[in-house]
Amino acid sequence: MQTEDKSLPLKHLAHDINNILTRILNSVELLKKKVNNYDEVSSILNSIENGTYMVSEIIEDVISETINKSPRKKRININLLINDLANTIGIQLKEKINFVLKLDSELNLVEGKYSDFYRVMLNLIVNASEAIQDKGTITISTSNIEAKNGNIDELKLFENQSYIQIKVADTGTGIDSSALPYIFEESFSTKSKLKNRGIGLTIANKIIKSYNGLIKVKSEAGKGTEFTILLPAVKSRKKKNTNSKKTILIAEDEIILRELLSELLESYGYNVITASDGNDVISKINSKLIPDILIIDQKMPDIDGISCIKKVKEIHEDLPVILATGSQSEFYEDTNLTRIVNRVISKPYNIEEMVSIIRELIG
């Protein structure tokens, strides 16, 4: 007798909600490109994006616990997260803190959970603001770094890895040199006993180490503190200077999602053709219209994504395929998926994540 999958209703719910969240994210991306007063509304748009990611992770965490599996990692732009936190906390502390952001516009993405990196950065920024007694400045900078080209003694084990570097510096009271060796220990706190003794830095250290990264600190009493984080990066290929555009076939039955993604990918210089369902995909492939890559949604009304891909591979075996799914947990048990799919990307995806994967596969 076959056991009923009790997580199935949750998976369907996650799929439907993540389709809505994908629509929100893609709409925000288009607004960024179209509004004339972007600087005036950027904080609002970033807040919408970050809130969307957080909601999606909460949903996926519930499903992952139900099936006892860890969620897949997503590609994340740390700059968006920093902008949102600086704007949010900056509004609350505008009379006390001046935020200076020096963020590399070409910063590579990192893979992981959005909530993990949010927790780390929130802790560092809050600690920095608490260290400033009257008025002061918190400077946050990001940059790409190659361990093989730099003098990063702590990362010799990963010397060929690309990293992103994050620095959070404040003009606060600083930390006494005698306390620095213990700053990440669970039982240690520089905070007054009158305040809640948290273990935020301990958790931040554990999170960064879990991603094979590094967090370190330098400080001088009375002169401020600077935390440096190094995280392994997904090094995205740059757009090639070529006259021949790559062609992407998008298969998505929801017309709004299909049109939004199509317009976004066209803005990155790709030719885009679309299909409304699996039969439409097969028809276009049979008509000798061979794209450079196929992006296909798993849940479609006539032929599901997997079945459609199998039929496509019979016609064009070497076509790279990205499978889009509304729930990260749908394919945990499908060990044969990698034979026909190059990448599985879960909704809500951001356009940077999508483009970085496309460039990985076809340039």
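Me: So at what angle do helix α6 and helix α9 pack, and how far apart are their axes?
Reply: Keep in mind that this is a predicted model. In it, α6 (residues 255-267) and α9 (residues 351-362) pack at an angle of about 60°, and their axes are 11 Å apart. That angle makes α6 oblique to α9.

Me: Is the crossing of α6 and α9 left-handed or right-handed?
Reply: Right-handed, for the crossing of α6 and α9.

Me: Which residues make the contact?
Reply: On the α6 side you've got Leu261, Leu264 and Leu265. From α9 come Ile351, Met354, Val355 and Ile358.

Me: OK, new topic. How many salt bridges are there?
Reply: The count comes to 14 salt bridges. One of them pairs Glu49 with Lys32, with the closest N and O atoms 2.6 Å apart.

Me: Where do Glu49 and Lys32 sit in the chain?
Reply: Glu49 is in helix α2 (residues 38-67) and Lys32 is in helix α1 (residues 8-34). They're 17 residues apart, so the pair links distant parts of the chain.

Me: Why does Lys32 count as buried?
Reply: Because its relative accessibility is 18%, and buried means under 20%. Glu49 counts as buried too, at 0%.

Me: What does Lys34 form a salt bridge with?
Reply: With Glu263, and the closest N and O atoms are 2.7 Å apart. Lys34 is in helix α1 and Glu263 is in helix α6, 229 residues apart.

Me: Is Lys34 buried or exposed?
Reply: Lys34 is exposed, with a relative accessible area of 53%.

Me: What about strands? Which strands hold Lys167 and Glu226?
Reply: Lys167 is in strand β5 (residues 162-170), while Glu226 is in strand β7 (residues 224-232). The two form a salt bridge with the closest N and O atoms 3.5 Å apart, and they're 59 residues apart in the chain. Lys167 counts as partly exposed at 23% relative accessibility, whereas Glu226 is buried at 18%.

Me: Last one: which residues are linked in a network of salt bridges?
Reply: Arg75, Glu111, Arg343 and Glu360 are linked that way.

How values were computed. Residues are numbered from 1 along each chain as its sequence is written. This is a predicted model: local features need pLDDT of at least 70, side-chain atom pairs count only at pLDDT 80 or more; totals for chains, interfaces and linings use all residues. Side-chain values use heavy atoms; hydrogens and water are left out. Axes are lines fitted to C-alpha atoms, for helices over the stretch in contact, and angles run from 0 to 180 degrees between N-to-C directions. Helices (H or I, at least four residues) and strands (E, at least two) are DSSP runs, numbered from the N terminus. Angles under 35 degrees count as roughly parallel, over 145 as roughly antiparallel, 65 to 115 as roughly perpendicular and the rest as oblique. A crossing is left-handed if the near helix is turned anticlockwise from the far one by less than a right angle, and right-handed if clockwise. Contact means heavy atoms within 4.5 Å. A salt bridge is a side-chain nitrogen of Lys or Arg within 4 Å of a carboxyl oxygen of Asp or Glu. Buried means under 20% relative accessible area, exposed over 50%, partly exposed in between (1.4 Å probe, protein chains only).
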